[in-house]
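Please work through each task before reading its solution.

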Amino acid sequence: MTQPPDDNLDHRALGYYAPGKGLRRQDCPYAEGMEAHAQWIAGYDEAVNEREGGQGEAE
């Protein structure tokens, strides 16, 4: 992705629902180092931790 993502998107929510859509953590659509990337990863990790019963680390 060459342009920053739309600021109106809820990047954390998009990451949170990504595992349920079959996306992997490394499939994050935003370039590393961007705030949107960090929010997406945080949402993804939260969803994975909830599914695992709050134990262990995300992939």
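**Exercise 1: An aromatic pair in a helix**

Tyr 44 has a relative accessibility of 6% and counts as buried, a term for values under 20%, with exposed meaning over 50% and partly exposed in between (1.4 Å probe, protein chains only). The model is predicted: local features need pLDDT of at least 70 and side-chain atom pairs pLDDT 80 or more, while totals for chains, interfaces and linings use all residues. Residues are numbered from 1 along each chain as its sequence is written, and side-chain values use heavy atoms, without hydrogens and water.

Task: Determine how many aromatic pairs there are, and classify each by its geometry.

Solution. 
1. Rings of Phe, Tyr and Trp (its six-membered ring) pair if their centres lie within 6.5 Å; planes under 30 degrees apart are stacked, over 60 edge-to-face, and the rest tilted.
2. By this rule there are two aromatic pairs.
3. Tyr 16 and Tyr 17 lie 5.1 Å apart, centre to centre, with 85 degrees between the planes, and are edge-to-face.
4. The ring centres of Trp 40 and Tyr 44 are 5.6 Å apart and the planes are at 15 degrees, so this pair is stacked.
5. Trp 40 and Tyr 44 are both in helix H2 (residues 35-51), four residues apart, about one turn of the helix; helices (H or I, at least four residues) are DSSP runs numbered from the N terminus.
6. Trp 40 is buried at 3% relative accessibility, whereas Tyr 17 is exposed at 54%.

**Exercise 2: Salt bridges**

Task: Find the salt bridges in the whole structure and state where the partners lie.

Solution. 
1. A salt bridge needs a side-chain nitrogen of Lys or Arg within 4 Å of a carboxyl oxygen of Asp or Glu; the search finds three.
2. Glu 46 and Arg 12 meet at 3.0 Å, N to O. Glu 46 is in helix H2 and Arg 12 in helix H1, so the pair ties together parts 34 residues apart in sequence.
3. Asp 45 and Arg 25 meet at 2.8 Å, N to O. This pair links distant parts of the chain, with Asp 45 in helix H2 and Arg 25 in the loop between H1 and H2, 20 residues apart.
4. Asp 45 is buried, at 17% relative accessible area, while Arg 25 is partly exposed at 27%.
5. Arg 24 and Asp 27 form a salt bridge, with their closest N and O atoms 2.9 Å apart.

Note on methods:
Helices (H or I, at least four residues) and strands (E, at least two) are DSSP runs, numbered from the N terminus.
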